[in-house]
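The structure is shown first.

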Amino acid sequence: MPNIIAMIPARYAATRFPAKLMQPLAGKTVIRHTYDNTVATGLFNQVWVVTDSTLIFEEITSHGGNAMMSQRPHESGSDRIAEAVADMEVDIVVNVQGDEPFVRRQPLEQLLQVFNGEQGQQVQVASLMQQLNNAAQIADANYVKVAVDLQGNSLFFSRSVIPYHRDKNAQPAYYEHIGVYAFRKQALLQFTQWPVTPLEAAEKIECLRYLEHGIPLRMVAVDYFGVEIDTPEDLVKAEALLLQG
């Protein structure tokens, strides 16, 4: 059996919503919801929070969780977890974003399945997407869109509307990229050796670095995944969703 671990990169600072991971959400902090729900999936040999913050470190470890401090500053979550797994004996690393408190087993199980079998041997990186049906969300630059080929491989990620709906008789599907990734360890380590690429710099979307080096991401379409906490308004939505559940 492959050794599969989940790493949750957790940076304290956030441009749009400072300290968002330590915000209270239905009785627990956002980061603890993410960690506890990831553990509860039962899919991983280990789950770790990797952080630059002693507050986040202590929040996880004081409640019996696994956390480690980054040894140096990092530009991206992928860089942060690559440092953490460099000396670990691991086959597949799943990057669960710290601001995704609605982690569930089924989407992550679907994500891991693409690495199985003969065809799965070709997959180096995989990620999740969900269909967008709201015109305002499709147009919103905070929603990263992804276009895929007929096999589900990523063609492009953008904050712009892709595809452009020129032919009004066509019925294109619009997908939001959910920032949950699964990597073969070597693909993740290779990512960190490459400098930031031009499209990545322009869009501020780190997975474009893979595409610019010719490595597609195998995208997995899943049903509703939850609310990503990017703004105070998202926190309100998340609270309402948890109270409903």
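How many helices and strands does the chain have? The chain, which is a predicted model, has ten helices and eleven strands. Along the principal axes, the C-alpha atoms fill a box of roughly 55 × 40 × 30 Å. Of the 245 residues, 52% count as buried. Among contacts with a separation of 6 or more, 67% are between residues 24 or more positions apart.

The charged side chains comprise 19 positive and 28 negative ones, and the centres of the two sets lie 3 Å apart.

| Salt bridge | Closest N and O atoms |
|---|---|
| Asp 99 and Lys 20 | 2.7 Å |
| Arg 72 and Glu 83 | 3.1 Å |
| Asp 234 and Lys 237 | 4.0 Å |

Asp 99 forms a salt bridge with Lys 20. This pair links distant parts of the chain, 79 residues apart: Asp 99 lies in the loop between β6 and α4, and Lys 20 in the loop between β1 and β2. Asp 99 is buried, at 7% relative accessible area, and Lys 20 is buried at 12%. Lys 20 and Asp 99 are also linked with Asp 230 in a network of salt bridges.

Asp 234 and Lys 237 are three residues apart in helix α10 and therefore separated by about one helical turn. Asp 234 counts as buried, at 13% relative accessibility, whereas Lys 237 counts as partly exposed, at 47%.

Definitions and conventions:
Residues numbered from 1 in each chain as written. Predicted model: local features only at pLDDT ≥ 70, side-chain atom pairs only at ≥ 80, totals over all residues. Heavy atoms only, no water. Helix = DSSP H or I, 4+ residues; strand = E, 2+ residues; numbered from the N terminus. Buried < 20%, exposed > 50% of the residue type's maximum accessible area, 1.4 Å probe, protein only. Contact = heavy atoms within 4.5 Å. Lys, Arg positive; Asp, Glu negative; His and termini not counted. Charge placed at Lys NZ, Arg CZ, Asp CG, Glu CD. Salt bridge = Lys/Arg side-chain N within 4 Å of Asp/Glu carboxyl O.
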